[in-house]
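Here is a short briefing on a structure. Take a look at the sequence and the model before reading on.

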Amino acid sequence: MIGIVNYRMGNLASVQHALNHLNIANTIVHVSAEIEKCDQLILPGVGAFGKAMEALQELQLIDGLSEHILHKKKPVLGLCLGMQLLFDQSEEMGDHEGLKMTKGNVRSLKNEISRLPVPHMGWNQVKESGTSALLKNIPEEERVFYFVHSFYCDASDRNVVSGTTEYGLSFDAMIENENIFGCQFHPEKSQQSGLAVLKNFAAIQ
Amino acid sequence: MVKTRLIPVLFIKNGLIVRSEDFSYHQNIGNVVNQTQRYNSWNVDELIYLDISRDPVYDLGRDDHKVDAYSSHEEIIKTISRECFMPLTLGGGIRTMENVDFLIRNGADKICINSAAHESPDLVRQTALKYGSQAVVLSIDYKVLNNTPIVFTKFGIVNTGLNVLDWIEEGAQLGAGEIFLNAIDRDGKASGYDLKTIGEVVEKTMLPVVACGGAGNEYDFLELAKETKVSGIAAGNWFHFVEGSYLRAKKMLKKNGVDVR
């Protein structure tokens, strides 16, 4: 059972529709107690980093997430903002602390690139770095996913990066570190390639 | 780098998909949901739904008719978001923040705002503040008059006197994150894209530009992609009538060096 964490931001419906389409059992998690019955978690997200952390705090979800992800080692997949939340901190609208499950920072694309539109929006290629469980069985030419973001993850430990993408610079598009997974793109909006990523995640024990 | 998008546009009138010509002649060509499944099987980059229903009473601003127009949007987004796993853009008749909230909550990724951006610019601003600029598409219908592209509203009837380039700058300041450009005079004409205006717009703005109006075959897409730095190539009619057109166009663009998915 995959629990989709609802912290009142982002498009839960799209993620749930995608899992339903794949016949993957799922449930929406509103409070910490509901995490217990989930084997895996998805942290979706659209919106601002600071607001999302505030919401997670207000809903008292942080302790539950830490217990199940860091101690019980349940696999978690952060999507877009959800991936960024897994990091130490973000510079989006002032500095904000994240969930600190992955070492590194979330930085502004605008500060790095001046000649390209920000947000980075559209379909872009992901290049595998190391061996990615999420990209398993997806042919290289089909590793094109839908991105919408203005900030990007910069992992301190390069070994956790499983995919990178070029947009004025090369940024970390995917991380995989034991039970912690993240995609900067939206698999739920990336057609068959995106569905394949979700399927790969669901297959991880 | 980001791929150039090839985007089918579905024009919806009174709940049915129509073929549009001159912004005035509309031929019914199918049920919204059936057509969506067809596009879904083509693995498209994105879908744009534009509701062009224009009940005359609606123009008088009667609230009861507004509700009807929106409810069709609502049914469409609820149905398609269950089966479509691609970016979805909805537009036409969006007037209030409640309309926007509902569509985004139910799976729309972007909202297309046209006439409302003139009547209540605050809707553009508020949507951008709440959901981010990437969720706000400023839709512009225009005609070229005396060599100048001029913005028209209300289904291409009202001449605003605004230069397209100036309006885009204003829209960007309001918070729009993308431009959807539709050439009224080329609607349904298969005369090729308006390369001159599109080229000028793309050079002037940092926002991604999706161009529509005039596609007669896949070589019009190629010409547009080669001649301008457009982000999205949109077309309505051609995809409906030519079987296998989408995949064929993608293949041809790729073969000719256009960076498509």
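Which residues are buried in helix α1 (residues 32–41) of chain B? They are B:Val32, B:Gln35, B:Thr36, B:Arg38, B:Tyr39 and B:Asn40. Buried means under 20% relative accessible area, exposed means over 50%, and partly exposed lies in between (1.4 Å probe, protein chains only). Helices (H or I, at least four residues) and strands (E, at least two) are DSSP runs, numbered from the N terminus.

This is a predicted model, in which local features need pLDDT of at least 70 and side-chain atom pairs count only at pLDDT 80 or more, while totals for chains, interfaces and linings use all residues. Residues are numbered from 1 along each chain as its sequence is written, chains are lettered from A and ligands numbered from 1 in the order in which they are written, and side-chain values use heavy atoms, with hydrogens and water left out.

**Where chain B meets chain A**

- Chain B puts 27 residues into the contact, and chain A puts in 30 residues. Contact means heavy atoms within 4.5 Å.
- The size of an interface is often given as the accessible area lost when the parts come together.
- Here the area buried between chain B and chain A is about 2300 Å². Carbon and sulfur atoms give 61% of that area. Buried area is the accessible area (1.4 Å probe) that two parts lose on being put together, summed over both.
- One salt bridge is counted between chain B and chain A. A salt bridge is a side-chain nitrogen of Lys or Arg within 4 Å of a carboxyl oxygen of Asp or Glu.
- That salt bridge joins the side chains of B:Asp109 and A:Lys189, at 2.8 Å from N to O.
- Nine residue pairs are in polar contact between chain B and chain A, both residues being at pLDDT 80 or more. A polar contact is a pair of N or O atoms within 3.5 Å; within protein, one must be able to donate a hydrogen and the other to accept it, and residues adjacent in sequence count only if both atoms are side-chain atoms.
- On the side of chain B that touches chain A, α3 (63–83) and α4 (97–105) of chain B each supply at least two residues. The most comes from α3(B), with three residues.
- By class, this side of chain B has eleven nonpolar, six polar and ten charged residues. Ala, Val, Leu, Ile, Met, Phe, Trp, Tyr, Cys and Pro count as nonpolar, Asp, Glu, Lys and Arg as charged, and the others, Gly among them, as polar.

**A buried glutamate in chain B**

- B:Glu178 lies in strand β10 (residues 178–183) of chain B.
- B:Glu178 counts as buried because its relative accessibility is 2%.
- Leaving out residues up to four places away in sequence, B:Glu178 touches residues including A:Met121, B:Arg5, B:Glu46 and B:Lys110.

- Strand β1 (residues 2–5) of chain A and β2(A) run parallel, joined by four bridges. Two strands pair if DSSP finds at least two bridges between them.
- A:Gly3 stands opposite A:Thr27 in β2(A).
- In strand β2 (residues 26–29) of chain A, A:Asn26 and A:Ile28 point one way, and A:Thr27 and A:Val29 point the other way. All four are buried.

**Salt bridges within the chains**

- Over all chains, the count comes to 25 salt bridges.
- A:Asp154 pairs with A:Arg107 in a salt bridge, with the closest N and O atoms 2.8 Å apart. A:Asp154 is in strand β11 (residues 151–155) of chain A and A:Arg107 is in strand β7 (residues 102–108) of chain A, so the pair ties together parts that are 47 residues apart in sequence.
- A:Asp154 is partly exposed, at 26% relative accessibility. A:Arg107 is partly exposed too, at 27%.
- A:Arg158 also meets A:Asp154 in a salt bridge, at 3.7 Å from N to O.
- A network of salt bridges links A:Arg107, A:Asp154, A:Arg158 and A:Asp172.
- In chain B, B:Lys154 forms a salt bridge with B:Glu119, the closest N and O atoms being 3.0 Å apart. B:Lys154 sits in the loop between β8 (148–153) and β9 (158–163) of chain B, and B:Glu119 in helix α5 (residues 115–119) of chain B, 35 residues apart.
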